[in-house]
Amino acid sequence: MALTLYVDTARWRAHHKHVQEQFPGLVPVCKGNGYGFGHERLAEEATRLGSDVLAVGTTYEAARIKDWFGGDLLVLTPYRRGEEPVPLPDRVIRSVSSVDGVYGLVGARVVIEVMSSMKRHGISEQDLPQLHAAIENVRLEGFAIHLPLDRTDGSDAVEEVIGWMDRLRAARLPLHTMFVSHLKADELARLQQQFPQTRFRARIGTRLWLGDHEATEYRGAVLDVTRVAKGERFGYRQQKAASDGFLVVVAGGTSHGVGLEAPKALHGVMPRAKGVARAGLATVNRNLSPFVWGGKQRWFAEPPHMQVSILFVPADAPEPKVGDELVAHLRHTTTQFDRLVDR
């Protein structure tokens, strides 16, 4: 009995091909927990796509994935002097976001990140004159720009990239390759048309692996079902059942990522109101689980355990049976499955 990730493999891979057609020369991204699929599986899928480069988050991820992917590995976390050395093959390319970082990677293959409106990290315009000397001792694979997802000020993503292209060109720096993130297909095409001598390569993770929501589904198996009456005590904290119903033990707990949720940026009155309502319910130990039964998301009976969750299903709902599977609405990037089933 397990928390299972079911994958409609043909549909999933058809989506990969569609994205690849929209973004010629795309660089697949495999970082974190491998977008819920695991590093080994995504390395296999990147190979299937014929990718020559796979982007990873850290040097530690590169060290793990190097045995599963035969092409180049682009580490997205910028190099910093003093970081722990990790043995890596020559086909690993390091991102750099400072002039000092470039000087610290003599002989290495590097991609230089420029500072975007994200303001996370990157070379500034004032740094450009110093780059000429710095890049003489590295193998420059190109420049990169990481753009924000939302542009609430109405600014244009393409214009931001063009601005940096103009600055780099004015500084007489090589512009053979520009790695970009969070551009639409038509925006990438506009850039490629305007700068035909530069190869634009989109680094894509979420849109590639998770863009077709109907291609994947998490399900947790029912391990036990116990009938309870209103007022009966149960669980670690011996709470009272609010009404007659069933305590349903389902595979999927905190070790799988169930009950863990990354903060979300809320826009608009209604999403904010819902967020306030959820927070209010949580203060009285009412937390909605990600598991669905009888067409409804069911409440946690108590906080999820390490490997299982206990749900409360009211008596007027169908009684779950041991072996049934409950669909679970889980975030791929925070979930660890027990097994993956291709179908």
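I counted 24 salt bridges in this structure, taking a salt bridge as a side-chain nitrogen of Lys or Arg within 4 Å of a carboxyl oxygen of Asp or Glu. The model is a predicted one, in which local features need pLDDT of at least 70 and side-chain atom pairs count only at pLDDT 80 or more, while totals for chains, interfaces and linings use all residues. Side-chain values use heavy atoms, with hydrogens and water left out, and residues are numbered from 1 along each chain as its sequence is written.

Entry on helix α2. I looked up E45 and R41, whose side chains form a salt bridge at 2.8 Å, N to O; the two lie 4 residues apart in helix α2 (residues 39–48), about one helical turn from each other. Helices here are DSSP runs (H or I, at least four residues) and strands likewise (E, at least two), numbered from the N terminus. E45 is buried at 1% relative accessible area, and R41 is buried at 13%, where buried means under 20%, exposed over 50% and partly exposed in between, with a 1.4 Å probe and protein chains only.

I then checked R48 and E44, which meet in a salt bridge at 4.0 Å, N to O, and which are also 4 residues apart in helix α2. E44 is partly exposed, at 40% relative accessibility.

Entry on the strands. I found a salt bridge between the side chains of E113 and R203 at 3.5 Å, N to O. E113 sits in strand β6 (residues 109–114) and R203 in strand β9 (residues 199–204), so this pair ties together parts 90 residues apart in sequence. E113 is buried at 5%, and R203 is buried at 7%.

Entry on the network. I noted that salt bridges with shared partners join R13, R41, E44, E45, R48 and D342 into one network.
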